[in-house]
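This report describes selected side-chain and surface features of one protein model.

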Amino acid sequence: MPPRARKTGKTCAYQDCDQSIAGWFELCQQHNADKRAGLIDQCPDCPQYRDSRYPRCRDCNAKAQSTTQRSASDKHRSKYDIEQNPAWDRGDADAEEFFVYILKLSDGKFYAGQTREIRERLDEHRDSKTKSTAGKDPKLVWFTTVNTRNEATKMEAEIKKDIDRNDRQIRRMIIRFRDLLKEVDLTA
């Protein structure tokens, strides 16, 4: 049995972790290992640690979103704002899943979106009914499903940020997705 670390009364600096830490450490044993593996790092806005896939910890992200919330009459909506469409409410009531997806365009750029009907939405992209993908030969390169529209719109906003700020993260997501697809046995 390893020697016990001296308790300091401090808790792990990873978001929502309440594990006690010892001595001068900032993180519990598990989160310290995750930090060494590059899976977590410190939030640029506060001393809390977060999943390295995201630009901020949840607390700082929530603060940033609340300070940038715009009224419905604001004509200058940011592409990172979480979308809300009253027309969704009727169809969303019966929906069991929502899709978040990434398209690769002919100019090499990525486009992120979310929908409850992925096949219909892809047809709209291919038929140039979506201004931002019109005439750019959109190809589906990644998708996932979530349970609610709220989850889908939040994930879409985070992916859009990654597209602009961390193109490599998007490419890694696509590579992992393709690797997983290779494991699917379509004959079973």
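The sections below treat aromatic pairs, a surface patch and a pocket in turn.

## Basis of the model

The structure is a predicted model. Local features are reported where pLDDT is at least 70, and side-chain atom pairs count only at pLDDT 80 or more.

## Aromatic pairs

The model contains 4 aromatic pairs. One of them joins Trp24 and Phe25, with ring centres 4.5 Å apart and 20° between the planes. This pair is classed as stacked because its planes are under 30 degrees apart. Trp24 is exposed, at a relative accessible area of 72%, whereas Phe25 is partly exposed, at 34%.

A further pair is formed by Tyr101 and Tyr111, whose ring centres lie 6.4 Å apart. With 40° between the planes, the Tyr101–Tyr111 pair is tilted. Tyr101 belongs to strand S5 (residues 98–104) and Tyr111 to strand S6 (residues 110–115), so the pair ties together parts that are 10 residues apart in sequence. Tyr101 is buried, with a relative accessible area of 0%. Tyr111 also counts as buried, at 16% relative accessibility, because the limit for a buried residue is under 20%.

## Aromatic cluster

Three phenylalanine residues, Phe99, Phe143 and Phe177, form one aromatic cluster.

## Nonpolar surface patch

A nonpolar patch on the surface is made up of Leu181, Val184 and Leu186. Together these residues present about 330 Å² of accessible area.

## Largest pocket

The largest pocket holds about 650 Å³ of space. Its lining comprises 25 residues. Those nearest the centre of the pocket are Arg53, Tyr54, Lys154, Met155 and Glu158.

Several secondary-structure elements contribute to this lining. Strand S4 (49–51), helix H2 (58–68), strand S7 (139–146), helix H5 (149–165) and H6 each provide at least two lining residues. Of the contributors, H5 gives the most to the lining, with 6 residues.

## Summary

In this predicted model, Trp24 and Phe25 form a stacked pair, while the tilted pair of Tyr101 and Tyr111 links strands S5 and S6. The surface carries a nonpolar patch of Leu181, Val184 and Leu186, and the largest pocket is lined by 25 residues.

Notes: Residues are numbered from 1 along each chain as its sequence is written. Side-chain values use heavy atoms; hydrogens and water are left out. Rings of Phe, Tyr and Trp (its six-membered ring) pair if their centres lie within 6.5 Å; planes under 30 degrees apart count as stacked, over 60 as edge-to-face and the rest as tilted. Buried means under 20% relative accessible area, exposed over 50%, partly exposed in between (1.4 Å probe, protein chains only). Helices (H or I, at least four residues) and strands (E, at least two) are DSSP runs, numbered from the N terminus. Patches are made of residues with over 30% relative accessible area and no salt bridge: like charges are joined within 9 Å, nonpolar side chains (Val, Leu, Ile, Met, Phe, Trp, Tyr) within 5 Å. Accessible areas come from the Shrake-Rupley method with a 1.4 Å probe; for residues, only the protein chains shown count as cover. A salt bridge is a side-chain nitrogen of Lys or Arg within 4 Å of a carboxyl oxygen of Asp or Glu. On a 1 Å grid over the protein atoms alone, a cavity is a set of points where a 1.4 Å probe fits but cannot get out, and a pocket is an open set with protein on both sides within 12 Å along at least five of seven lines; lining residues have an atom within 4 Å of a point. Grid points are joined across faces, edges and corners, and a volume is the space filled by probe spheres set on the points.
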